[in-house]
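Subject: Handing over a structure, with notes

Dear colleague,

I am passing this structure on to you, together with some notes on what was found in it. Please look at the sequence and the model first, and then read on.

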Amino acid sequence: MKLTNIKRFWISFILAIPMAIQMVTMPFHWMMPYYNEVAFITTTIIMLISAAPYWKSAWGAFKKHSANMNTLVAVGTAVAYLYSIFAMLTGRAVYFESAAFVTVFVLLGDAMEEKMHDNASNALAKLMDLQAKDAEVLRDGKYVKVPLNEVKPGDTIRVKPGEKVPVDGVILTGTSTLDESMVTGESMPVTKKAGDEVVGSTINTTGTFTFKATKVGSDTMLSQIVDLVKKAQTSHAPIQNLTDKISNIFVPAVLIIAILTFVIWYAFLGATAVEAMLFAVAVIVIACPCALGLATPTALMVGTARSAKMGVLIKNGEVLEEVSDLDTVVFDKTGTITVGKPQVTDVVGDKDKVLALAAGLEESSEHPLASAIVKKAEEDKIAPSSISDFKAIEGKGVQANVDKHLAFVGSNRLLDHVAISSDLQAKADQLQSEAKTVVYVGLDNEVIGLIAIQDIPKSSSREAISELKKRGLKTIMLTGDNEKVAQAIADEVGIDQVIAGVLPTEKADHIKALQNEGRKVAFVGDGINDAPALSTADVGIAMGSGTDIAIDSGGIVLVQNDLRCVVRALDISKKTFNRIKLNLFWALIYNTIGIPIAAGLFAEVGFQLSPELAALAMAFSSVSVVTSSLLLNKTKIAGATN
């Protein structure tokens, strides 16, 4: 049976109690009967059970001609233990307690780390426990309760007030208010109606509704959140490479210092072999860089768990380091800065003809503006024209045959060889100056009308941009829209710079150009066409409302479709990375201060450390690093309620 660090700690602690009693009573000249034999037996058990993993790790490193932090623990305890056996057999004073308590205090730090890891794992388990256990599914015309694992995509599910939404889906009928705080971190309830998406494990607080299941099992948002957090907590931050390099140099250096300490005290300062050995063992023990090994993983564990509660999913430790160097944040416009649901505001020309023609072509288009045109035609009860030979022209528009005439709908990039009257052009310029996107509708190489569409900024965009600028970050909008529309939106929300008229294939190139200027760039987007830019940027931030491709491409995923979460994501990432650096400082400062004291540099003034006290000090450094990481749960994050 494999013992946990916590169990190994308690075993060693209990076995060390007789030695602790002897240490306390020794000043009163009381000697425990058969103390040497008791100490030998209990310490041997501690070495075989509690200290064995350190010895095994040190031996494995030795066989690879290297050393690690466990090398110091193994060497320190081995010297004290083996010398004590020799001393017991030859009638000298023994120091079994040094080997025992070094192991106890080293395990104290390891046990605290393990406990924190268990707490993080339990938090994830509790998150999974938020799932409903069953669902009321429509089967053969009746709603029946079935286990959650029997729900399939496409099932119609009914949810009553007070019940949990069992899986992800889209509302079919009914309206209600849902508490989504356990998934998004947003404390305010959200009103949902037909056509809106619902997230599994959220709580229905008011009305009854039915919805169509779209994602079940491991595909639900909750399952993906848990999976991402697990991966992030076990990921390897690049700064960890620094600690590995430090350990590779530090450990051999400490062993050399320990040997020199022994030689100097024994050969030049008149100490006995036992006294010199205790100084050397104290050096080895206090220098053990266990806290160095805890500095990164503990902060990463706490930071990623807290960010998940706030609706910010950090995929790996590398992202944290990249965020700390950012100086530029680039945004996609549609669906990121703006609501992403544009509406037709103006139709210029023969309204019925222009809308019928445009709706006929846009019914086959996947462009975000297409649905606005089709919806307007439906609202005005205008039948779309019948088309044939439909063709999409990337970044420009669409064309098709209508009654043997070539019709087109698109941006001004389609107008290279197309006639447009001065009146229509003037009207187009006016609409664009009003921050509206103008769609040109034409027939037989002549523009016959205009459709103006507007997508308003999200209510959170101005506040988010302002917060980013306060942090010294430059903000840029990167969009395929025309410059006038893009600039008007940028002015409204406070964006510093606009790069407009960008084709989908060109977004990544613009990110590279900024990087070539020496900028560290974060890109925020949500669409399929944003995936290359998300992957190219130093930090890709994908909006949770976006496509799966966009989410897969981002290093950070925002569960909420709210730009203030970008500020939150950058804040928690930066503070987690800063906490890692603070942890490394504390870990190293203990060693820097502790080694000279342990070596007996201040022994003449009565200030020295026994191996047991050195182990306690070393354990305290580990405890301080773990405590520092846990304090990340209390640090203030912009807009966070938890």
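In these notes, a residue is called buried when its relative accessible area is under 20%, exposed when it is over 50%, and partly exposed in between, using a 1.4 Å probe and protein chains only. Helices (H or I, at least four residues) and strands (E, at least two) are DSSP runs, numbered from the N terminus.

This is a predicted model, in which local features need pLDDT of at least 70 and side-chain atom pairs count only at pLDDT 80 or more, while totals for chains, interfaces and linings use all residues. Residues are numbered from 1 along each chain as its sequence is written, and side-chain values use heavy atoms, with hydrogens and water left out.

The chain as a whole

The protein chain has 23 helices and 22 strands, and buried residues make up 51% of its 642 residues. Taking contact to mean heavy atoms within 4.5 Å, 68% of the contacts between residues at least 6 apart in sequence join residues that are at least 24 apart.

The annotated regions

An unreviewed UniProt entry carries the annotation "transmembrane region" for residues 9-32, 38-55, 67-87, 93-112, 249-271, 277-300, 584-607 and 613-632. UniProt positions are given in the numbering used here, feature names are shortened, and annotations may be inferred rather than shown by experiment. In the model, the chain over residues 38-55 is 94% helix and 0% strand, with end C-alpha atoms 23 Å apart, whereas residues 584-607 are 62% helix and 0% strand, with end C-alpha atoms 26 Å apart.

Tyr34 is found in the loop between α2 (17-25) and α3, and its phi is near 55 degrees, a positive value in a residue other than glycine. With a relative accessibility of 66%, Tyr34 counts as exposed. In α3, by contrast, the buried residues are Tyr35, Ala39, Thr42, Thr43, Thr44, Ile46, Met47 and Ser50.

The expected span of a helix is 1.5 Å times one less than its number of residues.

For pairs of helices, axes are lines fitted to C-alpha atoms over the stretch in contact, and angles run from 0 to 180 degrees between N-to-C directions. Angles under 35 degrees count as roughly parallel, over 145 as roughly antiparallel, 65 to 115 as roughly perpendicular and the rest as oblique. The axes of α3 (residues 35-50) and α4 (residues 52-63) come within 5 Å and cross at roughly 55 degrees, which makes α3 oblique to α4. Met47, Leu48, Ile49 and Ser50 in α3 meet Ala52, Pro53, Tyr54 and Trp55 in α4.

For the make-up of such contacts, Ala, Val, Leu, Ile, Met, Phe, Trp, Tyr, Cys and Pro count as nonpolar, Asp, Glu, Lys and Arg as charged, and the others, Gly among them, as polar. The contact of α3 with α4 has seven nonpolar, one polar and no charged residues.

Helix α14

The twelve residues of α14 (residues 351-362) should span 16 Å, and the end C-alpha atoms are 16 Å apart, in agreement. Nine of these twelve residues are buried, so α14 is largely enclosed by the rest of the structure. The buried residues in α14 are Val354, Leu355, Ala356, Leu357, Ala358, Ala359, Gly360, Leu361 and Glu362.

Helix α17 and two partners

The axes of α17 (residues 461-470) and α22 (residues 564-598) come within 7 Å and cross at roughly 30 degrees, and the two helices are therefore roughly parallel to each other. Glu463, Ala464, Glu467 and Leu468 in α17 meet Arg564, Val566, Val567 and Leu570 in α22, a contact that divides into five nonpolar, no polar and three charged residues.

With α18 (residues 483-493), the axis of α17 comes within 8 Å and crosses at roughly 70 degrees, which makes α17 roughly perpendicular to α18. Here Ser461, Arg462 and Ile465 in α17 meet Asp491, Glu492 and Val493 in α18, and the residues of this contact divide into two nonpolar, one polar and three charged.

Two single residues

Ile393 lies in strand β13 (residues 388-393) and is partly exposed, with a relative accessible area of 22%. Asp444, in the loop between β16 (437-443) and β17 (447-454), has a positive phi of about 50 degrees although it is not a glycine.

With best regards
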